[in-house]
Amino acid sequence: MKRSLLNINLRMCALSLIALGVSLFASAQTHYESNIAVGGKAGVTLAKLRFNPSVPQSMLLGTVMGATFRYVEERHFGLIVELNMEQRGWKEKFEGTSLSYYRRLTYLQLPLLTHIYFGSDKFHGFFNLGPEIAYMISSGTSSNFDYNNWSSVADQFVLGRETDQFTLPVKYKFDYGITVGAGMELIMARKHSLVLEGRFYYGLHDVFSHEAKDPFSASSGMSVLATLGYYFRIK
């Protein structure tokens, strides 16, 4: 019940952020001079899944890359739309053993972000926040043991440990959540700039089936991203 209320509140926040972004965009068109930039970005991700019941895990290292469109206001506000490919998933933690298992989930993601910036003509600090939707395009598993016959590999570690996630098929490829980020932008010339950003993504949709008969009631994603990007101003 508490988790359902939390998800409802977060969904309301996501809708509010969309409304804020649209409002800023409309205001920009009618009141202020604007500028438009396009660019690309690439970087690394650290991801995990929030399982319930919990699963011992560490952050899984992956990559992210994509294209971005930015509409910016003269008075410190704007709107960013991106199309990215991001690797998510999770990595199991096996204390005191050499066992290794991870599941990598690759998504096409579409964030719609409110962009708030400040600074001079040469340097900007900024915050980005807003909703994101994504669709899983691939899922792959890597392991140094036979996870289909886990109990025969490590009998002593089975007791009290969830193991169904090793072989569970993906049920929901569509995902949505909330993204927040902060960073800095170095403006090298009027039309060129470099952007360094850190982001946090909080997913609101599960990966695996969550019916009463299923082993997990929750399996939603979260990730931390660090990217370096380039913008070219076209207006």
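This is a predicted model: local features need pLDDT of at least 70, side-chain atom pairs count only at pLDDT 80 or more; totals for chains, interfaces and linings use all residues.
Eight salt bridges were counted in the model. One of them joins the side chains of Glu 82 and Lys 41, with a distance of 3.3 Å from N to O. This pair links distant parts of the chain, since Glu 82 belongs to strand S4 (residues 77-92) and Lys 41 to strand S1 (residues 34-52), and the two are 41 residues apart. Both Glu 82 and Lys 41 are buried. Glu 82 also takes part in a salt bridge with Arg 199, in which the closest N and O atoms lie 2.7 Å apart. Here too distant parts of the chain are linked, for Arg 199 sits in strand S8 (residues 192-206) and Glu 82 in strand S4, 117 residues apart. Arg 199 has a relative accessible area of 6% and is therefore counted as buried, because the term applies to values under 20%. By the same cut-off Glu 82 is buried as well, because its relative accessibility is 3%. These contacts belong to a network of salt bridges that links Lys 41, Glu 82, Glu 197 and Arg 199. Another salt bridge is formed by the side chains of Arg 88 and Glu 86, at 3.2 Å from N to O, and both Arg 88 and Glu 86 are buried.

Strand S1 pairs with strand S9 (residues 218-233) in the antiparallel sense, over 16 bridges. Within this pairing, Ala 42 has Leu 228 of S9 as its bridge partner. Strand S9 also pairs with strand S8, again in the antiparallel sense, over 12 bridges, and there Tyr 231 of S9 is the bridge partner of Ser 193.

Ser 58 lies in strand S2 (residues 57-58). The relative accessible area of Ser 58 is 25%, and this residue is therefore described as partly exposed, because that term covers values between the limit of 20% for buried and that of 50% for exposed. Ser 58 and Lys 91 are 33 residues apart in sequence, while their C-alpha atoms are 5.5 Å apart in space. When residues up to four places away in sequence are not counted, Ser 58 touches Ala 47, Lys 91 and Lys 93.

Nonpolar side chains tend to be buried together in soluble globular proteins. In the present model the largest nonpolar core has 18 residues, and those with the most contacts inside this core are Leu 49, Phe 51, Phe 94, Phe 145, Val 207 and Phe 208. Strand S1, strand S5 (101-119) and strand S6 (123-143) are the elements that give two or more residues to this core, and S5 gives the most, with three residues. Phe 208 is in contact with a number of residues beyond its neighbours within four places in sequence, including Leu 49, Phe 51, Trp 90, Leu 168 and Tyr 172. Another core, of eight residues, lies apart from the largest one, and among its members are Ile 80, Leu 113, Tyr 117 and Tyr 231.

Two cavities of 30 Å³ or more are present, and the largest cavity has a volume of about 110 Å³. This cavity is lined by 17 residues, of which Lys 41, Glu 82, Val 195, Glu 197 and Tyr 231 are the closest to its centre. Lys 41, Glu 82 and Glu 197 are also members of the salt-bridge network described above. At least two residues of the lining are supplied by each of S1, strand S3 (60-73), S4, S6, S8 and S9, and the largest share, five residues, comes from S9.

The largest pocket holds about 450 Å³ of space. Its lining consists of 22 residues, and the closest to its centre are Asn 35, Asp 121, His 124, Ile 187 and Arg 233. The elements that give two or more residues to the lining of this pocket are S1, S3, S5, strand S7 (174-189), S8 and S9.

Key: Residues are numbered from 1 along each chain as its sequence is written. Side-chain values use heavy atoms; hydrogens and water are left out. A salt bridge is a side-chain nitrogen of Lys or Arg within 4 Å of a carboxyl oxygen of Asp or Glu. Helices (H or I, at least four residues) and strands (E, at least two) are DSSP runs, numbered from the N terminus. Buried means under 20% relative accessible area, exposed over 50%, partly exposed in between (1.4 Å probe, protein chains only). A nonpolar core is a set of buried Ala, Val, Leu, Ile, Met, Phe, Trp, Tyr and Cys residues joined through side-chain atoms within 4.5 Å. Contact means heavy atoms within 4.5 Å. Two strands pair if DSSP finds at least two bridges between them. On a 1 Å grid over the protein atoms alone, a cavity is a set of points where a 1.4 Å probe fits but cannot get out, and a pocket is an open set with protein on both sides within 12 Å along at least five of seven lines; lining residues have an atom within 4 Å of a point. Grid points are joined across faces, edges and corners, and a volume is the space filled by probe spheres set on the points.
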